[in-house]
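Have the sequence and the model open side by side.

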Amino acid sequence: MIKALLTELEKEAQTTRKMLERIPDAKFQWQPHTKSMTLLNLATHIAELPGWITTTLTTDELDLAEVPYVAPVLNSTEELMTLFEDKLKEGKSQLEEANEERFNDTWILREGNQVYSSDTKAEVLRMVYCQIVHHRAQLGVYLRLLDVPIPGSYGPSADEVSF
């Protein structure tokens, strides 16, 4: 299972990398709707998601009341890419060293007494991968609305007809 997860992570990283590197610095604060995240917030979330692999494999829970989220300060797409590569490297490293027997252990996301989720570590890892794909698709819509050419993901895009 670990080998399959590492292979999938690398394949998704290739597409994620192509999407993130196209983000124009000048549009970081742009958002398609008032209820939507800014481009920077969405991109930062995507870049940080491989770090959830580390959190899942090295802890049994995350209590947001004790460890509140603090967004990194990013001023350029280059800094965004560095964040992504660092989190990806960290996640891969933890996955390579993981004990697959612990994948059935429970992992909890909470904020104090409010439990948001309680799942096996294997389920959380799958959710992390799904979150990367889901938010990357959102990013594709943002980029399309900004007239930024979209790279192919699982096939060619309208902007790149071949791989």
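L109 has S117 in β3 as its bridge partner, and L62 stands opposite L109 in β2 as well. Before going further, note that this is a predicted model: local features need pLDDT of at least 70, side-chain atom pairs count only at pLDDT 80 or more, and totals for chains, interfaces and linings use all residues. Residues are numbered from 1 along each chain as its sequence is written, and side-chain values use heavy atoms, with hydrogens and water left out.

Now the sheet itself. It's an open one of 3 strands in the order β1-β2-β3, with mixed pairing. β1 (61-63) and β3 (114-120) sit at the edges with a single partner strand each, so one side of each has no neighbour in the sheet. From one strand to the next, the twist averages 10°. Strands here are DSSP runs of E, at least two residues, and helices are runs of H or I, at least four residues, numbered from the N terminus; two strands pair if DSSP finds at least two bridges between them.

| Strand pair | Sense | Bridges |
|---|---|---|
| β1 and β2 (106-111) | parallel | 3 |
| β2 and β3 | antiparallel | 6 |

β2 and β3 also make a hairpin with 2 residues between them, and G112 in the turn has a positive phi of about 65°.

On to the helices. α5 (121-145) lies across β2 and β3 and runs at about 100° to β3. Axes are lines fitted to C-alpha atoms, for helices over the stretch in contact, and angles run from 0 to 180 degrees between N-to-C directions. α3 packs with α5 at about 175°, their axes 10 Å apart. That makes the two roughly antiparallel, a label for angles over 145 degrees. On the α3 side W52, I53, T56 and L57 meet K121, V124, L125, V128 and Y129 of α5, contact meaning heavy atoms within 4.5 Å.

What about the largest pocket? It holds about 540 Å³ of space and is lined by 23 residues, with H45, E48, W52, Y69 and V70 nearest its centre. A pocket is an open set of points on a 1 Å grid over the protein atoms alone where a 1.4 Å probe fits, with protein on both sides within 12 Å along at least five of seven lines; lining residues have an atom within 4 Å of a point. The volume is the space filled by probe spheres set on the points. α2 gives the most to this lining, 5 residues.

Key
Parallel < 35°, antiparallel > 145°, perpendicular 65-115°, else oblique.
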